[in-house]
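Please read the points below beside the model.

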Amino acid sequence: MSTLVLDHVSRWYGNVVAANDVTMTIGPGVTGLLGPNGAGKSTLIAMMGGFLAPSAGTVTLDGTPVWRHPGIYRTIGLVPETEAMYDMVTGWQFVVANARLQHLPDAEGAALAALETVEMVDAKDRDISTYSKGMKQRVKMAIALVHDPMVLLLDEPFNGMDPRQRLHLMDLLRRLGEQGRTVLFSSHILEEVEEIAGTIEVLVAGRHAASGDFRRIRRLMTERPHKYTISSSDDRRLAAAIIADGSADTVDLTSGNLAVQAPDLGVFVHALPRLARDSGIRLLDVSPADESLESVFAYLVAR
Amino acid sequence: MSSVEPVPGTAASAVPAVPAASAGPTLPATPTGDVIHDIGFRHYDGHRFGRGWVVRSLLVETVRGVFGLGRPAKSKVMPWVLIGILLIPPLVIAIVILLTGSDELSISYTQYPGSMELVISLFVAGAAPYCVSRDLRHGVMPLYLSRPMRRSDYVLAKFAGLAISMFAVLALAETLLLVGALLMKLPVGAQIVGWAGGILTVAILALILSGIALVIAAFTLRRGLGVAAIITGLLVVSGVVQILIAIAKDKGYPTAASYLPALNPYSLVDGLAVRLLGVDPSNGTAYPAGPLGLLVYGSLAVATVGACLAILIRRYHKVGGV
Amino acid sequence: MNPVVMRLTMSGLLGRRRAILFVLLPLLLLLLAGLVRWASGGEPQSTVDLTSHFALGTLLPLMCLLIGTGVIGTEIDDGSIVHLLAKPVPRRTILWSKLIVAWGASLVFAVLPIIAAVEIAGDEGTRLGWAYGVTAALAALAYTAVFVALSVVTRNVVIIGLLYALLWETVLGGYVPGVRNVSIRQWALAAAENMLGDRAPVWGVTSDVSLSAALVLLAATTIGAIVLAVRRLQTLPLTTRD
């Protein structure tokens, strides 16, 4: 009841192509839309939210096209990037108004619940013009959540939040994802995406560069050898053994640890414990040196 | 990292003559030979342009912006459409002279701005918010003022930029009038004298209008509201003054009726022209006769410009503006 | 038609700086009316002069422009309209609600003060009051609808609106007779001419357009503007940067 499907979606403005033949399916759980600035993330989210028509392709929510269907907003909650809001009403009045516009039977109750979720109950009776950037962001979250949507689209939601608010929001998004909702948020900050996104969609220069769990994407990138950092009871002998075995391309002892580059992960992972045991060396620490989203991302962007 | 990676772009900005020894402070090498080279910020010791240059660039940038140069095509439309409209009447007048064979212009050089009040007001209403509202709205004033430039420099640069733009447009119109007159073989001497008077008139008009428009624009941050407020202000003042003059005349206060036009920038300037140059008034307005009238009009013109500048400088008192 | 949208629009319209002008300008008009009365002793001709040119020709279009752009223009400009549009409410309803607020405001802040000004400045019975009241109301409906539509269609609404209302209607209307047939003010004045009957030519309240033609044109313009605004709002592209 909550799957967004983009089918060969493109969007261009004259000669500038903002999104180039993007096909992706956003299902339940937390998905991170990742890409450098200018990659087209906001364009994509605008199209998913029904605010921009694709120049080609279709965007559908459970089969219904999103464009020009205001009814879709019962199911979708949108947290846009724009900061501007209706300044002369209080936070409470604005959230209640939004709840009423959603035709909720108990607008005030829903508004209160939403405000509690974002921890804005204390400040609710102040004019929005007096709010800080982070507070406005939280009000936007409340508005998006007030009608309990199954789909949540957030455009750079962590902008302007202090660390505590960020943690709180991450927690909230994780919970919403676990409840089975479809949560999509865009960011160019890798740490944010790494922490809560189960699936990532990478957008580079308008093209869909990669999709899936970032660890598995890493494994898909077989062209780049895997790097490991090993510390053991005798690095030099282990290095010699690995070289003799041939399961790794390079070994590097200069940095104080044993750094290994292996083209074939499977072979190396099986060979290492055997080599260590055969040489009587104790392995103390084996960690992948570049399995962070950062290296995945850098690789994808550089392609 | 014990190696120094070349940072792309710094090669272009490096000053070649500076020896490596003075390429910035480096931390003392540790016993194991680790060292961090300072390859980031390169200190610039060369020649720097001064305040005057900064002000001049700001002025040029303002003028270019008013005419839409250096901005996307959309923002060129409005100013140039209005300029076009402003330049049509001189052409029309030239044609009329050709057809009727008269020996003088149907509208004098000093009467011309008065007849195009609306278009000129629209032009300045569109230009002034562009000059100041954007900087205030987006809070970039601290950026400006952290340069070797004072508040007053900024204000004067913007004011001069707008005034020069207005003057250029109006002077162009006056010159077109002259060209048309000369082409129609009107007596040269009289035309040149008239033209000079017209140029003086529009110069004063440009100063006053720029001042008023900038003041209003500096207090209305949204561009749309700024335009509306300026045009509302100018038009309402013009209309109100007209009505007050009519009332004063009806009630038999001709002296009051002759001083009231000073409240409207257009008739203020016209009155000055009439008294200083002896030309005919536009719209048949009656201006005060003696030296007192000239003094009042003149000092009001100067005071208006001065007051506007003072208000503007005061407005920018709080850095960050908003 | 949606009370929530209407209430939000009202607070937006009246809570901003431009609301000062909504009070200031009518007050100015009333003051002038008082002065006119003092000067002419209630002579209807002076009232006509005040109203036909300043009130109807300058003040009314300006007020409608300020109101029309205030109900929707600023929200589109800074993007806050996304909160209204991301709701299961038809765009047509949103536009109607805003338009009704705009009409209401223009009636309260422009039309009523004009009627009051006419009465203060001097009337013959209540003929001028009624005539100008109807004229102003018709013109306000049309002007406001046009300016709301322009606000949705372009970001340069203020300049274009001013160019039309002032340059086209006032200046060109003075020089080029044909222009007067395409002018909201002239259409509305036809109603005044009709209502004043035989007094109209005496006071100089004339219009180049016949009453029936004027009413048709006013309706067509208003409806056309509304249709344009709704259609444009339905496809309004809102990207959040990038």
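1. Helices here are DSSP runs of H or I of at least four residues and strands are runs of E of at least two, numbered from the N terminus. This is a predicted model, in which local features need pLDDT of at least 70 and side-chain atom pairs count only at pLDDT 80 or more, while totals for chains, interfaces and linings use all residues. Residues are numbered from 1 along each chain as its sequence is written, and chains are lettered from A and ligands numbered from 1 in the order in which they are written.

2. How many of the eleven residues of α2(A) are buried? Ten are, so the helix is largely enclosed by the rest of the structure. A residue is buried if 20 or more other C-beta atoms, placed from the backbone, lie within 10 Å of its own; 12 or fewer make it exposed, and anything in between partly exposed. Among the buried residues are W92(A), F94(A), N98(A) and R100(A). The buried set packs against α3 (107-117) and α4 (133-145) of chain A, and also against α1 and α4 (82-85) of chain C.

3. Chains A and C meet through 32 residues of chain A and 24 of chain C, a contact being two C-beta atoms, placed from the backbone, within 7 Å. On the chain A side, α1 and α2 (91-101) each supply at least two residues. That side divides into 16 nonpolar, ten polar and six charged residues. Ala, Val, Leu, Ile, Met, Phe, Trp, Tyr, Cys and Pro count as nonpolar, Asp, Glu, Lys and Arg as charged, and the others, Gly among them, as polar.

4. In the other interface, 21 residues of chain B contact 29 residues of chain C. The elements giving two or more residues to the chain B side are α5 (117-137) and α9 (223-250) of chain B. α9(B) provides the largest share, 13 residues. By class, this side of chain B has 13 nonpolar, five polar and three charged residues. Of the two pairs of chains in contact, A and C share the most contacts. Chains A and B do not touch, and their nearest C-alpha atoms are 10 Å apart.

5. Within chain C, α1 (residues 3-14) and α5 (residues 91-121) pack at about 45° with their axes 9 Å apart. Axes are lines fitted to C-alpha atoms, for helices over the stretch in contact, and angles run from 0 to 180 degrees between N-to-C directions. The two helices are therefore oblique to each other; under 35 degrees would be roughly parallel, over 145 roughly antiparallel, 65 to 115 roughly perpendicular, and the rest is oblique. The residues in contact include M6(C) and L13(C) of α1(C), and I94(C) and V101(C) of α5(C). The contact comprises eight nonpolar residues, two polar and one charged.

6. Chain A has an open, mixed sheet of six strands in the order β6-β7-β8-β3-β9-β10, where two strands pair if DSSP finds at least two bridges between them. β6 (76-79) and β10 (207-212) each have a single partner strand, so one side of each is left without a neighbour in the sheet. Neighbouring strands are turned by 15° against each other on average, direction ignored. β6(A) pairs with β7 (residues 151-155) in the parallel sense over four bridges, and V79(A) stands opposite L154(A). Helix α1 (residues 41-48) of chain A lies across β3 (29-34), β7, β8 (182-187) and β9 (199-204), at about 150° to β7(A).
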